[in-house]
Structures are given as structure tokens and as C-alpha cells.
Amino acid sequence: EVIRKRLLIDGDGAGDDRRINLLVKSFIKWCNSGSQEEGYSQYQRMLSTLSQCEFSMGKTLLVYDMNLREMENYEKIYKEIECSIAGAHEKIAECKKQILQAKRIRKNRQEYDALAKVIQHHPDRHETLKELEALGKELEHLSHIKESVEDKLELRRKQFHVLLSTIHELQQTLENDEKLSEVEEAQETSMEADPKP
């Protein structure tokens, strides 16, 4: 229990309180020393204890300075890590943007390839214009042929109409001639039947 209390009180001081207590006791003994040899011996002990305390204090100061430098170093490392993390986040955001842009470009390329395949199945503009020009010439030629055929048909219709009119007139003439012949024959017959006086 005593050792535990001493450790709790002293902490990491490596016995500084004990040394100070020994120094105070040595100082009291030195003050109360009777002979010169005992006083000198006590004086040497005090100097030894004092040097140990100074050494312990120097070591503690060095450890304290080292801890301060370590804290500064850790703070610097922490800031560097934070900067690295921020830079990594920026790089990740930039990479995400690049990935989205690459996906957009890939999609556009796929659409362009599909359109190119569709376009390749159709003739180019120059050939299409040639075909349209040829079709236009052919249509014009067919229009002329149609007009010529219509003119011929109209002419044939007129000729047929004239022919029908002529046939009708001829038929009328023939019928008139037949009637006239019949009348003449009837007159001749009646003349032959009636004797002359």
C-alpha cells in the first residue's frame, strides 16, 4: 500500500520526491553534524543528491522539450494528413467527373457508330442526287411519251369519229340507193304488167 501510494504520488518522477526528502534530511544532518569529517561526508552526499536532482530535472526538461517537438511534429503530420485527405477528396471528385465525361463520350460514340451503320446502308448524297436527276429525266421522257400517246389517241379518236360518220353516211347512202332501186324495180314491174293501148 505504501509503495502504491508512493508511485501514485511520484508518478513518472523517478523518485524526485524521495531525493528532495533525502536532500532535506542530509541538510539537517549537515547542520547538526558535530565533527568536520562527518560534515564533509554529509556535504558530499548533499552534492551527490543535488546533482542527481539536477540531472533528473535536466532529463525531465529534455523529455518535455522532446514531447513539445513531438507534439509539433504530430500537429504538422496531422495537418499534412488532412491536406492529403482533402487532396484525395478533390482527386476523387475530379476522377468522378472524368468517369462521367468518359461515360458520356462512350455513349455518344456508340450512338455515332449506330448512326454511321444506318447511314452506310443508304447511298451517299452525290449518288442520290444522280439517281434523282436520272429519275427526273426519265419522268420528263415519260411525260413526253404520255403527251405523244395522248395526242395520237386524240387523233385516232377524231379519225375514228370521222370514219364512223363516213360509214354512217355511206350506210345511209346505200339504204337510199336500195330504196330507190326498189322503187325503180316496182315501177318497171308495174309498167310491164300494164299493157300499152
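Colleague: Which element gives the largest share of the nonpolar patch?
Modeller: That is helix α2, which supplies five residues. Before we go on, this is a predicted model, where local features need pLDDT of at least 70, side-chain atom pairs count only at pLDDT 80 or more, and totals for chains, interfaces and linings use all residues. Residues are numbered from 1 along each chain as its sequence is written, and side-chain values use heavy atoms, leaving out hydrogens and water.

Colleague: Thanks! Which residues form that nonpolar patch on the surface?
Modeller: The members are I20, V24, F27, I28, W30, Y40, Y43, L47 and L50, with about 830 Å² of accessible area together. The elements giving two or more residues to the patch are α2 (16–31) and α3 (36–120). Patches are made of residues with over 30% relative accessible area and no salt bridge; like charges are joined within 9 Å, and nonpolar side chains (Val, Leu, Ile, Met, Phe, Trp, Tyr) within 5 Å. Accessible areas come from the Shrake-Rupley method with a 1.4 Å probe, and for residues only the protein chains shown count as cover.

Colleague: Where is L50?
Modeller: L50 sits in helix α3. L50 counts as partly exposed because its relative accessibility is 36%. For the labels, buried means under 20% relative accessible area, exposed means over 50%, and partly exposed is in between (1.4 Å probe, protein chains only).

Colleague: And how many helices and strands does the protein chain have?
Modeller: There are four helices and zero strands, so from the N terminus on the order reads α-α-α-α. Helices (H or I, at least four residues) and strands (E, at least two) are DSSP runs, numbered from the N terminus.

Colleague: How much of the protein chain counts as buried?
Modeller: Of its 197 residues, 5% do. The protein chain exposes about 18400 Å², and carbon and sulfur atoms supply 60% of that area.

Colleague: How many residues apart are E133 and K137?
Modeller: Four, about one turn of the helix, and both lie in helix α4. E133 is partly exposed at 48%, while K137 counts as exposed at 54%.

Colleague: What about E154 and R157 in helix α4?
Modeller: E154 and R157 are separated by about one helical turn, because they are three residues apart in helix α4. E154 is partly exposed at 35%, and R157 is partly exposed at 44%.

Colleague: Which residues gather in the patch of negative charge?
Modeller: E175, D177, E178, E182, E184, E185, E188 and E192 gather there on the surface. Lys and Arg count as positive and Asp and Glu as negative, while His and the chain ends are not counted. The place of a charge is taken as NZ of Lys, CZ of Arg, CG of Asp or CD of Glu. As one of these residues, E182 is found in helix α4 (residues 125–193).

Colleague: Why does E182 count as exposed?
Modeller: Because its relative accessibility is 54%.

Technical notes: Salt bridge = Lys/Arg side-chain N within 4 Å of Asp/Glu carboxyl O.
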